[in-house]
Amino acid sequence: MTTDTYWAGVDRFRAVASASPRRAALLFAAGSAAESLPHYRTLTYGQLDDWSEVIAERLTAAGVFSGCRVIVLILPGPELYAVMLGLFKIGAVPVVIDPGMGLRKMLRCLRSADATAFIGIPQAHLARVILRRYFRDVRVLVTVGRRWLWFGDTLARWGRTPAGRRPAARVPAPDGDPLLVAFTTGSTGPAKAVELTHGNLTAMVDQVHDARDRVPPDTSLITLPLVGLLDLLLGSRCVLPPLTPGRVGSTDPAHVVDAITRFGVRTMFASPAVLVPLLEHLQRHRVRLPSLWSVFSGGAPVSDRCIAGLRTVLEPHAQVFAGYGSTEALPMATIESRELLDGLADRAHSGDGTCLGKPVNGVRARIVALTDEPIATWAQARARAGELAATRGVGELVVAGPNVSTRYYWPPAANATGKIADGDVIWHRTGDLAWIDDDGRIWFCGRKSQRVETPRGPMFTVQIEQVFNVVPGVARTALVGTGPIGSQRPVLCVELEPGADRSTVEPRLRARGAEFDLTAPISEFRFHPAFPVDIRHNAKIGREQLAHWVTQQRTAGAT
């Protein structure tokens with residue numbers, strides 16, 4: 001007989017809902033006023049607790065039990081949070097797919113889910129109907145929005161008031177049981193299904209709390225739903241500004257400023273694609289944000305130019321953190337702006353890579369020699385340690401800790417290439433290239449899959465790009481390689497700042513490259529109008545697309 005379980009983290013949410021049922025849980029944009037600023041509506045902790053209880057009741061009645069996988073394909077908003085909490089309350093396993101990842105990738109992810117239930121927006125259900133052969137085991141259908149030509153129920157018809165009696169008592173699931181399946185973006189390879197356990201998410205809550213020195217967040221601006229879920233367990237009022245999945249970089253900075261000032265936001269998490277326009281807006285309009293105490297950047301490396309700029313426009317007491325994490329492990333490392341700007345950023349401009357800071361509490365980090373082959377055991381990793389000398393100590397970063405996923409749900413082959421067994425410990429291979437200094441700080445040098453393999457040896461993207469990014473007129477750069485692996489030609493793609501003149505910038509780039517042995521092999525520079533970026537954070541550069549573009553440019557004879 002299956003034991004009815006739930007995620008113990010829900011107890012934190014219920015404690016807030018019980019003690020302060022009228023406290024705002026979600027403040028979400030709902031339409032725009034005439035002056036183009038959004039209206040906001042409020043959902044309290046008590047209301048969200050009741051709504052998620054209804055969802056838990058109805059799913060249980062429909063035969064969704066602890067351990068059942070449930071596809072969740074909902075746009076960020078109050079419905080997503082209610083559904084996720086409802087699933088956590090009954091120990092079901094949400095399979096969360098980003099609607100912004102594109103149809104082809106999304107269908108591959110949906111096919112692999114092997115789910116019992118499907119909760120999604122109408123467009124997602126339409127894809128399910130068209131490709132019904134992939135979803136033969138799905139027997140519970142719930143539409144968030146208007147139901148079209150398919151069976152099932154709608155979330156709206158379920159209402160938001162519980163039946164009046166709580167379900168039979170459940171017990172907290174063991175830490176090792178799966179709680180959530182989340183997909184990587186697939187921006188640097190096929191999207192993978194990451195299995196996160198009850199223990200993983202519980203550790204994430206504590207580590208996010210530690211990152212803020214265990215000061216309650218009070219009011220958070222949310223641009224990543226997972227962060228919103230964690231902050232709800234810490235009693236935060238979560239502000240959800242208008243965002244478009246897949247295009248967070250197009251978020252209007254005026255809306256972000258409005259949300260921060262209107263609700264007194266104390267902390268925010270955002271990708272560089274949101275922070276850079278926000279900084280430019282604050283500088284241009286000379287706006288101050290006195291309530292903002294902490295800013296966390298993630299999703300891709302944030303430039304020290306952006307961090308230094310934020311320090312000038314925020315209050316002196318504000319903290320600005322460059323964070324490092326992934327779908328498999330959030331967070332892994334953080335560094336505060338004062339430490340970063342005290343000489344570490346200058347080292348990045350000389351070719352050391354980007355300093356990510358030290359691992360967060362409970363996370364251990366190591367470096368293994370650069371290889372695309374599986375490393376089954378730590379003994380095998382140790383045997384290759386001597387190879388690091390050939391890459392100046394740069395290798396693949398591996399991490400282990402209570403918040404680190406130890407297993408991919410799909411594809412199974414990803415476990416062979418992405419995990420290393422070390423007794424009872426499983427090390428996660430991040431796919432990121434880095435080195436660790438004598439003080440334990442991690443220096444990020446680029447993605448392993450994007451390294452450029454030249455006849456002189458490998459060149460690492462971020463390590464190279466940071467040298468060139470300081471050239472006046474340069475917005476950002478991207479190193480790519482063309483030609484066969486092992487004899488690739490390094491090419492630096494350049495995105496200019498608005499108004500910058502290519503004829504002025506290019507000689508500066510060549511002179512800058514000649515200053516360092518690391519960058520001396522680069523002789524080809526290609527100017528691109530706007531780099532392709534990932535769909536989740538709009539910040540990771542699509543270097544694979546740029547390499548293809550360079551090849552096309554050469555074929556067309558462009559300079």
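Q: Why are H9 and H10 called roughly perpendicular to each other?
A: In this predicted model, helix H9 (residues 253–263) and helix H10 (residues 272–285) pack at an angle of about 80°, with their axes 9 Å apart. Angles of 65 to 115 degrees count as roughly perpendicular, those under 35 as roughly parallel, those over 145 as roughly antiparallel and the rest as oblique. H9 and H10 are therefore roughly perpendicular.

Q: What makes the contact between H9 and H10?
A: H9 contributes Pro253, Ala254, Val256 and Val257, and H10 contributes Val274, Pro277, Leu278, His281 and Leu282. Contact means heavy atoms within 4.5 Å. By class there are 8 nonpolar residues, 1 polar and no charged ones.

Q: Why is helix H11 (residues 304–313) described as largely enclosed by the rest of the structure?
A: Buried means under 20% relative accessible area, against over 50% for exposed and partly exposed in between (1.4 Å probe, protein chains only). In H11, 7 of the 10 residues are buried, so the helix is largely enclosed. These are Asp304, Cys306, Ile307, Gly309, Leu310, Arg311 and Val313.

Q: What do the buried residues of H11 pack against?
A: Their partners are H10, strand E16 (319–326), strand E17 (329–336), helix H12 (337–352) and helix H15 (461–468).

Q: How do you know which features were counted?
A: Local features need pLDDT of at least 70 and side-chain atom pairs 80 or more, while totals for chains, interfaces and linings use all residues. Residues are numbered from 1 along each chain as its sequence is written, and side-chain values use heavy atoms, without hydrogens and water.

Technical notes: Axes are lines fitted to C-alpha atoms, for helices over the stretch in contact, and angles run from 0 to 180 degrees between N-to-C directions. Helices (H or I, at least four residues) and strands (E, at least two) are DSSP runs, numbered from the N terminus. Ala, Val, Leu, Ile, Met, Phe, Trp, Tyr, Cys and Pro count as nonpolar, Asp, Glu, Lys and Arg as charged, and the others, Gly among them, as polar.
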